[in-house]
Each structure stands twice: as C-alpha cells, then as structure tokens.
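Please read it alongside the sequence and the structure shown here.

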Amino acid sequence: MDVRGRKLSELAALVGGVVSADEDPELYGLMDIESAGVGEIAFITGAPGKEFDISAIRASALIVAKSFPEIPVPVIRVDQPALAAALIHQSFCNKPFVATGISTHAVVGKDCLVDHEVSIAPGVIIGDRVHIARQVVIHAGAVIEDDVVVGEGSLIYPNVTLLCRTEIGKRVILHSGTVIGSDGFGFVTDHAGRHVKRPHVGNVRIDDEVEIGANSCVDRATFGTTWIKRGTKIDNQVHVGHNVTIGEDCIIVAQVGISGSTELGNNVVLGGKVAIAGHLKLGNRVMVASKAGVTTNQEEGAVVSGFPAIPHRKWLRAATAFQRLPDLISEVRHLRKQVAEVIEKMVAPEKRDVDR
Amino acid sequence: MDVRGRKLSELAALVGGVVSADEDPELYGLMDIESAGVGEIAFITGAPGKEFDISAIRASALIVAKSFPEIPVPVIRVDQPALAAALIHQSFCNKPFVATGISTHAVVGKDCLVDHEVSIAPGVIIGDRVHIARQVVIHAGAVIEDDVVVGEGSLIYPNVTLLCRTEIGKRVILHSGTVIGSDGFGFVTDHAGRHVKRPHVGNVRIDDEVEIGANSCVDRATFGTTWIKRGTKIDNQVHVGHNVTIGEDCIIVAQVGISGSTELGNNVVLGGKVAIAGHLKLGNRVMVASKAGVTTNQEEGAVVSGFPAIPHRKWLRAATAFQRLPDLISEVRHLRKQVAEVIEKMVAPEKRDVDR
Amino acid sequence: MDVRGRKLSELAALVGGVVSADEDPELYGLMDIESAGVGEIAFITGAPGKEFDISAIRASALIVAKSFPEIPVPVIRVDQPALAAALIHQSFCNKPFVATGISTHAVVGKDCLVDHEVSIAPGVIIGDRVHIARQVVIHAGAVIEDDVVVGEGSLIYPNVTLLCRTEIGKRVILHSGTVIGSDGFGFVTDHAGRHVKRPHVGNVRIDDEVEIGANSCVDRATFGTTWIKRGTKIDNQVHVGHNVTIGEDCIIVAQVGISGSTELGNNVVLGGKVAIAGHLKLGNRVMVASKAGVTTNQEEGAVVSGFPAIPHRKWLRAATAFQRLPDLISEVRHLRKQVAEVIEKMVAPEKRDVDR
C-alpha cells in the first residue's frame, strides 16, 4: 500500500458510490474483510450472512451493496461492490511510473526504437529493429526477437518470449514463461508417411488491455495473423493455435486449447480445460462450460457443455441420467423377462402365474 | 521472401508437377490464395468451390490438383497441391546458412566442442562438455546443461532448457519454453505416507527431424532413455513422461499427456488433449481422437475415442445415444407402467381399459 | 555413480533389511535389473515372474521382498523393495555439497542475504532483498524477483521464475520453466462487459520437501497466501490457482488444474489431467482418478471419477454401461413394439400371432 491517504468521500466519487457515514475517514489501502484493519477499507459482495459479525470488523470503512442494512461502520454503497473494490484497490496500487531505463545487463540489438521512459531489467535480450514505447516494463530473462513492437504501458514478466514480428498493443500484460509467435503446428504428410513442415510466415497481433497468464502459447499464423482483440483475458497454460482470431473482452480460463483457424466473437467465455476444434466460428457471448469439447459452430449466446458439446441444459440432464445407466439396464432386462412371459401366457392362456 | 526468382517450370520440376501455361513466369514467393499477388504463386487444395472467383486471383501462378479445370492462369498440376505448396514454400524460405558464431553475451562452459559454423545468441548459457554440431542455431535465453549433444542443423528457440546428457539429433526443432530432460515423476511412498524420490539417472534422446512445440516437457528416464524417434512432430504444451518411447513419424497434438514407460509405434496420431496411461503399448498407425483417455494396449491401426477409449465407431454411436438418455429413462418408466397394467388385466381379465 | 563402494551389509542396515548372502560384496551403484552389472545392486519389486531368468542377472546383489525365494545371488530382504531401492539409490547419488558460489555472469540486486555456501549459475538474475540460505543451487536462466526467500538445500532448475515475495522452504525442488507467484486470474466485469483486474497483493508459500515439475504454475493469492504444504509432489504442467491451499504429502499428477480458493487436505492424490473447481474442500486422502472433474466438496477418503465426479465404483459401472447404450436403445424400441402388440391383442383377443 502507498502512503498517501484518500478520504472515503474521494473513493466514493471514484466509483459513483453513496457514502453513509458520520465522519469521512482517511484510508490507506484496501484489504479483504478478514484481514482489513484500521485505516483500511474492505468490501462485502453479498448480503450479510448468518455468520456476519459486525463486531469482528476492524476495517475503518466498507464497500457494500445498496441494499445492505445500516451498520455502525462508514460505508460506500454501490451497485457492484466487487467492481467498486477492484477499482478502488487499483487506485491504491497505481504508483507513478518510475523508469529505470535499460539495464547494463540487458542486450539490445541494432536499429531499435526504445523510448527513454522504460524499465528493462537485467538479462533481457532484445533483437534488431524492435520498437518499445513509453512506460513499458520488461522483466528479467524476457526475450524479444527481431521486428517486435511493444505498445505503451505494457508489462512483460520474466522469461516471456516474443518471437519475430509479434505486435503487442498498449497496456498488455504477459505473465512469465508465455510464448508469443511460435510456429503453428502445420504439416503435410507425403506418400511415405513423412510430415513436411509448412513454413509459418505470418505473425501474432495482441491488442490493447489483453492479459495472458503464465506458460501460455499463442502460435503465429501460417500466412496472415493470429489475432487476440482488445480486453480479452487469458489464464495460465492456454494454447492458441495458428490463425485463430479471438474477439474483444473474452474470458479464457486455464488449460484451454483452441485449434487452428477458429474464430471467437466478443465476450466469449471458455471454462477451464475446454477444447475447441479447428476452423470453427463461435458467436458473441458464447459460453462453454469447463472440460467441454466444441466440435461445431456455435450461434451467438449459445451455452454448451460436454463432448461433443451440446446445449448446457440438455447435457446436465444427460450427465445426471448417466449415473443411473446401470439401474436402467437391469430394469430393461426385467421388463424383457416380464413381456416374454406375458406373450407366453397369451399363446397358452391356461397358464396364469405371471412374474410381477 | 528472398529476392532470387524461380521459373514456374523450375518449381514444377521440384515437386514433379505438370505445367500448363503459355509462358513460364518468374516467381518470388508463395502466398495463400487470398493474399498472393503479382510475382507470387498460390495453391488451391480442393476443387473450385461455388465461391471460387477466377477474376479475384492476383497470383501469377497456382498449384492445383490434376483434376482441376482449365483456367486462364499458369498452373502446376500435382497429386497433392498442399504437399507441393509446402515443398515449394520451403524452397523459397530456405536461405543459405549464415553463421554469426558465439555471441560475446553467451556463456560456454569447459571442454565443449562447438563447431565454428554456428549461431549462438546473446544470453545463451552452455554447460561443460557440450557438443554442438555445424549449422546449429541457438536463440537467446536457451540453457544447455552439461554433457548435452546437439546434432547438425538443429534449431533451438528462446528459453528452451536442455538438461544434462540430453541427446538431440540432426535438423531437430525445439520451440520456446520447452524443457527436455526434467526428472520423471517417480516416488515411492513409505509407511508414514511420505513420498521418497527415485533418483532419475537416465536421459532423453531425440532423433533427427523431430519437432517439438512451445512449453512442452519430455522427462528423463529413471534408468535408460526416454526416446523420441525420427520425424515425429509434437505440438505445444505436451507432456511426455519418463521412459516413454515414441516411434517414427508420429503426430502428437497440443496438450497431450503420455504417462511413464508407455511405447508408441510409428505413425501414431494423438489428437489434442489426449491422455495415455502408463506402461501401455500402442501399435503402428494407432489413431486416438481428441480428448480420449487410453487405458489399455492398442493393436496396430486401431482408431479409438472416449474415456476409457473404445473403437471410434462404437464411441460415436454411444456419444449420440448419450444425449437421448433422459428420454430413454422416461420411456422405460412408461413401459414399466404399461406392462404392470397388462399383467394386472391378465390376472383380472374383466378389466379391459389398458393405458396406451 | 560415485567411486566410494558400500558393503551389502551397510546398505541393508540403511533400509533395515536382512542380508542373505555368503559374502558381503562391495557395491558401487544401483541399476534396474536389466542393466545392472558387476559391482551394482538391482531390485525386484514383485515375485519372480515366469520370464524371470536367474542366469540373466549380472548384478552383484539384489533387493527383494521378504517372501522372495532363495536364489544364488546375494540379496537384501525388505518389506518394500521399491522403497528400499529408492533409499539406497539416493545414498549412492548423494554427493557432498560443492559450493561454486555466485557466477560472475549472474546478477544479484541490492540488500540481498546470500549464504556463502551456494551455487548460483551464469545467467541467474536475482532482485533486491532476496534471502538465499546455505546449500541452495540455482541453475542458469532462473529469475528470482524482489523479496523472495529460498530455504536451505533447495534446488532451482533452469529458467524457473520466482515472482516477488515468494517463500520457498527447505529442500524444495523446482523444475525448469515453472512459474511461482504469477497473478491469479481475477477480474470483475463491468456494465459494459469489460473485465476490471483485481490487484493481486498476496504471495505464494511453498513448504519443505515440496517438488514441482516442469512448466507448472502456482498463482499468488489475491490477498493472503497460496500455500503448498510439506512433502507434496507436483508433476509437470500443473496449474494451481490463486488462494489454493494444498495439504501435506499430496501427489498431483501432470496437467492437473486446481481453481482458485480450493483447499486440499493431506495425502490427497489427483490423477493426470484432473480438474478441480474453485472454492471446494477435499478431505484428507481423497483420491481423484485421471481426467475427472470435481465440482463438489469431497469427504475424507473419498475415491471419485468422471465429470461431474462421482464415487469411482459407481462411475466404473456407468462407464461400462455407456458402451452398451446403442443396444439398450434398440432393445427398448423392440420392447415398446411388443408391448403395443400385446395391448392390441388384449383389446381384440381374436388376433393371436404375437411378434416374439
């Protein structure tokens, strides 16, 4: 937390919230409700649960929902407490940019354009003809190859690799070990069963405010560009194949794999471990539940689960039924026996003892 | 694209194709059909679709199938246009090797044998007794530990790690962030429930023309060698366990996991996210569909899906049936009711109103 | 193998085994039964199989089960041959620690406390205020950021990243490419559908004797600590989300994903590719089979499979039944026809030919 305090009223204004408090306390940071202490503001996302104990609260102020009951603690009331908390927390964390320049232990190639207001750590290796805009931070061990462009305010963590001709937008965050611009997985098999490599002469473009987690991979296009659009957030260990296009403001959870040439619309949500086949189109606001495998195009707003993926509701009913399969089989066996007996009786009606 | 032009006839000869053209244009590169312009050759893999618009083609020549109709553009006719295009594209991309030598910002240990005709980038760290053959390229941030051998013409991308005693063949390509030779996951649990580590004293051997994608891992053997044979292509984020053997010319798609001591034959294909249990044998040309989990040995040529994996055809029928499970259950419930009534009637025949 | 030999009796004492041999041979290493030669000890975990050929054994001694038959080779008899072999193998592999100090090609920041008895390789980058205890080994290309603590005897492989404020215990092993302390995947979506980042001000704590495989990720907590407790072993490419707690002596196989805020007890076992949803509690000794997806809390000792995960026994029966689904559907169709006919007959009894 930084030292400069902020008035409760100042924070409320920041998030368009309504203050209900007798005083206007000075606050120095945001914390979760359990750990927040004097001088800190905390937040409660829901209504107070049974276990909610007002006397246990040490925070000097709270962010709560508009509907939250009156409590003897200064509060900011908002529509979305979690959102307001994130914005207020960011305001506490945002420090003025301090440029450390280019470390003497970094290596920068020929004909690069590097703004003077940057922080490039020891052990960073930068190729030729690289452009790095102002307020870019590059951590130790990152490798930026030839002809890469990194936009203003982007943050590149340790041991990230940006391969040649990658285009990184503004305020992009790339976490450690992530690889942008590796060759796509493209081969043609000859008569002898050998796999002939397709040269990959395309690149990767990552637009403003995209964030990509640790040890993820985005492959370059065979021709053209693999493109991740503004505001999309990608978790750890995600694989994005060559020539994929991902729309704006998508959420892609950890360990997802997206095969080559697939196109996602805007605001698409992919749960953890989802697999998307190649050459598909997923419309805006499509939601895919965790572990699903999508093998067909999906209309705007579709919500799907399972493999092959089907409408989520339908899958839920089938998945529940799945557990009852063994009972179903024995029941059908029993029915078969009964029906055979019934038929027996009808052919020879003198017999009358039917198994029930 | 390089500057030297190639005659259409020259390219046709390269792929054993038949030229049908009035002139023999000079070509300077290969592009996809949408972007190819004057002086470039493009390719069409299939027959011309409805949308195929000859007037939209800007390319100076095309690679097409033998059966492709006559068009007023110079063409090379071949059996496999995609294959011919890959080979022709490679011929355009292949530049004469330029050795930049060992960067002054690289570190090379004791008693290494490094050919003079190599390119070793800044930030590369090489251990002791390492052998690096001619025309090897090692990108920035790669770490090559003691007693590693890298064969002629191999290409090692940024931030790759080769651990001690790894053997890399000729013309191998290893993409960024990949780790070769990490310890296998081998422990023995004692009476107290603690896991005692088995030392891993084996190594990894990767044969000629193997390519491995970004952020993949190949673990070293407990004893002996984890072995990936000639021509096998592995995608991103694949895990290959200790003591695994992978045959020649296999295709292993992204995010596959292969457990310890399993053996794959030649020309095996594993779809994305496939899991293979340990100590199994998969015969030549086995194909495993995406997301499947293989828990038993597979005969040569087997095609399997699902978890546990079963013959693909069988799985397809079961997966379709799965969606109808809820209806099936209500139908059986209805049958049960009908049968009960029928039996009722037979015991007391005076009643005659049967639910239908 | 090191040069100093060990008497068979010495090794037996080490593992509390009983020697049955006429002499007390000097041994120089441990190998697997196929490769062990003169001067080496090997181990046999089970009873001798049919194929067991005593004459093929070149090892000078064997570790076998107490029940193992008498053979004309010096043996150590123990309860768990695999465990004894691991311990004996460790004793051969353990060399006295040799401190190479801090490489002149490493970079160490301000105000660090680094023990003099360490080995820090070329290309290692260490930030400010880092504490590194005695007998720590850090391999090339590893990045240790500000305020990290690394405990005594820990081993950090090449290209590992430890982000700020990470706490590493004693005798921890972190394999190449692993990232500890990347931001958790935490966003709040605003009315416009944009995802606002939650600052992640927590850290990661990894306790003594934990081992983590290659290219795995452990995210830092939003607030507080993501915590992996003593003795837990984690394989390659595992994702551990923010605020997760993993108990002691757990086994987590490759490519597992654990979502945010989930808590695992002690001795939990997660098979390969398992997915665990967020905010769950898994009790001590829970076992989750490979590829399962856990969506609910699990009692101590539960053994579950499938997605959504259910008791393993139940899942096995359902998974078997799944393959018979298509037959079941046609059988039900046939029953429906028969029942309809039976009812037909009862209404019009003069007809008597019933399909059987």
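Strands are taken as DSSP runs of at least two residues, numbered from the N terminus. In this predicted model, B:His239 belongs to strand E29 of chain B, which covers residues 239-240.

**Surroundings of B:His239**

- B:His239 has a relative accessibility of 6% and therefore counts as buried, since the cut-off for that class is under 20% relative accessible area.
- The side chain of B:His239 is joined to the side chain of C:Asn236 by a polar contact of 3.2 Å.
- Leaving aside residues up to four places away in sequence, B:His239 touches residues of chain B, including B:Cys217, B:Asp219 and B:Ile258, and residues of chain C, among them C:Asp235, C:Asn236 and C:Gln255.

**The nine-stranded sheet of chain C**

- Nine strands of chain C form an open sheet with parallel pairing, in the order E10-E13-E16-E19-E24-E27-E30-E33-E36.
- Strand E10 (113-114) and strand E36 (281-282) of chain C each have a single partner strand and stand at the edges, so one side of each is left without a neighbour in the sheet.
- Within chain C, strand E19 (residues 167-168) pairs with strand E24 (residues 203-206) in the parallel sense over two bridges, and C:Ile168 has C:Ile206 as its bridge partner in E24(C).

**Pairings of strand E21 in chain C**

- Strand E21 of chain C (residues 179-182) pairs in the parallel sense with strand E18 of chain C (residues 161-162) over two bridges, where C:Thr161 stands opposite C:Val179.
- E21(C) also pairs in the parallel sense with strand E26 of chain C (residues 217-219), over three bridges, and C:Ser182 stands opposite C:Asp219 in E26(C).

Notes:
Residues are numbered from 1 along each chain as its sequence is written. Chains are lettered from A and ligands numbered from 1 in the order in which they are written. This is a predicted model: local features need pLDDT of at least 70, side-chain atom pairs count only at pLDDT 80 or more; totals for chains, interfaces and linings use all residues. Side-chain values use heavy atoms; hydrogens and water are left out. Helices (H or I, at least four residues) and strands (E, at least two) are DSSP runs, numbered from the N terminus. Buried means under 20% relative accessible area, exposed over 50%, partly exposed in between (1.4 Å probe, protein chains only). A polar contact is a pair of N or O atoms within 3.5 Å; within protein, one must be able to donate a hydrogen and the other to accept it, and residues adjacent in sequence count only if both atoms are side-chain atoms. Contact means heavy atoms within 4.5 Å. Two strands pair if DSSP finds at least two bridges between them.
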